[in-house]
Amino acid sequence: MDLILHLRCFVAVAEESHFGRAAARLGTAQPPLSQRIQRLERELGVRLFERNSRQVTITKGGMLLLDEARELLARAEALMATSRRIRDGDAGLLRAALPPDIAGETVAEILAEFRRRHADVELELHELSTSEQLARFASHDLDVGLIHHPCDVTGLGLGPVLRRELGVLLPCDAPAAARDEVPLSALAEHDLILFPRANAPALHDDLLTTCARNGYTPPAIRHGQGPSFIRGLIRSAGSVAFRPREARSDDPEIVWRPLAGAPLALRSSVAWPQGRSDAAVTAFADATTHAMWKTAAVTTDLPSRPVHLRPAAEYYL
């Protein structure tokens, strides 16, 4: 940085020498400026100015170096401007994550909305469970993500909590499929397809606890996440799966029904490490919230911050 300051002084004095003001600038009134010029001359090994008591003129060597000095200063300013943009989140790379249950339409809307808000930022988007996101936040390998509650949010900043009501996917010939709304107790004969517990332990336990409290204790839990895999289990094994409305199947052998009383929901919010929010993180949070309102039929959950629910499930395998 000293060299940059020296070059700024050199360019300033060189330009003022054309107007006869450089002598005063290099005189006793401004010794720091004169000292910087002298240091630059020593570093370069070139005399830049001829001085006398009345006049300062740039040397031939100084003239030859002046254009390069101006170019270096311009590049230094560009470097600093870019670094400020990266620091403030206006450029650079943003490492973001979404959970596997987000619908493709929502993912596409998030990407389009983020590009509209921050086209200069490269978005590195990952499909990660809540547990995987929390681990990457802890290791500083993730900047922002969409997590499911309840979970440990210590050290995280959070956007609004968004609620997605869960319905049930079930075989079209199941007795419960004839209902407009399905009570959880009507699923008693069906195995349940659920995401692996390691993905979001507290949410996994809370869903099973709520099922048990409403008269549904699944005969077995089958783990699955991908839509095709879940549809295959529903069709071949007569299992059921809880999915939000936007995940309804086009398969004629599978139907989606709302649950009576809306007992189950996914509560999600955008999260980021506290103190590390910048323009890009804010843009991703806003884009994700906007996209979910537009495509995923969410509502704002109350209270505005997630509640830490029961610490252990009342249902055990």
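**Close-ups of a predicted model**

**View 1. Phenylalanine 10 sits in helix α1, which covers residues 2–17.** Helices (H or I, at least four residues) and strands (E, at least two) are DSSP runs, numbered from the N terminus. This is a predicted model, where local features need pLDDT of at least 70, side-chain atom pairs count only at pLDDT 80 or more, and totals for chains, interfaces and linings use all residues. Residues are numbered from 1 along each chain as its sequence is written, and side-chain values use heavy atoms, with hydrogens and water left out. Phenylalanine 10 counts as buried because its relative accessibility is 1%; buried means under 20% relative accessible area, exposed over 50%, and partly exposed in between (1.4 Å probe, protein chains only). Leaving aside residues up to four places away in sequence, phenylalanine 10 touches a group that includes Ile37, Leu48, Phe49 and Leu65, where contact means heavy atoms within 4.5 Å. Phenylalanine 10 and leucine 65 are 55 residues apart in sequence, yet 9.9 Å apart in space, C-alpha to C-alpha.

**View 2. Strand β11 (residues 254–258) is largely enclosed by the rest of the structure, because 4 of its 5 residues are buried.** Strand β7 (residues 162–171) pairs with β11 in the antiparallel sense, over 5 bridges; two strands pair if DSSP finds at least two bridges between them. Look for leucine 169, which stands opposite tryptophan 256 in β11.

**View 3. Here we visit the aromatic pairs, of which the structure holds 3.** The rings of phenylalanine 114 and phenylalanine 284 have centres 6.3 Å apart and planes at 65°, so this pair is edge-to-face. Rings of Phe, Tyr and Trp (its six-membered ring) pair if their centres lie within 6.5 Å; planes under 30 degrees apart count as stacked, over 60 as edge-to-face and the rest as tilted. Phenylalanine 114 belongs to helix α5 (residues 104–117) and phenylalanine 284 to helix α9 (residues 279–295), so the pair ties together parts that are 170 residues apart in sequence. Phenylalanine 114 is buried at 2% relative accessibility, and phenylalanine 284 is buried too, at 0%.

**View 4. Tyrosine 216 and phenylalanine 242 form an edge-to-face aromatic pair, 6.4 Å centre to centre with 90° between the planes.** This pair links distant parts of the chain, 26 residues apart: tyrosine 216 is in the loop between α7 (201–213) and β9 (221–223), and phenylalanine 242 is in strand β10 (residues 240–244). Both tyrosine 216 and phenylalanine 242 are buried.

**View 5. A cis peptide bond joins histidine 149 and proline 150, with omega about 0°.** Proline 150 lies in the loop between β5 (144–149) and β6 (156–158). For background, most peptide bonds are trans, and most residues other than glycine have a negative phi.

**View 6. Alanine 262 has a positive phi, near 45°, in a residue other than glycine.** You'll find alanine 262 in the loop between β11 and β12 (265–273). Alanine 262 is partly exposed, with a relative accessible area of 23%.

**View 7. Alanine 297 also has a positive phi, near 50°, and is not a glycine either.** Its place is in the loop between α9 and β13 (299–300). With a relative accessible area of 53%, alanine 297 is exposed.
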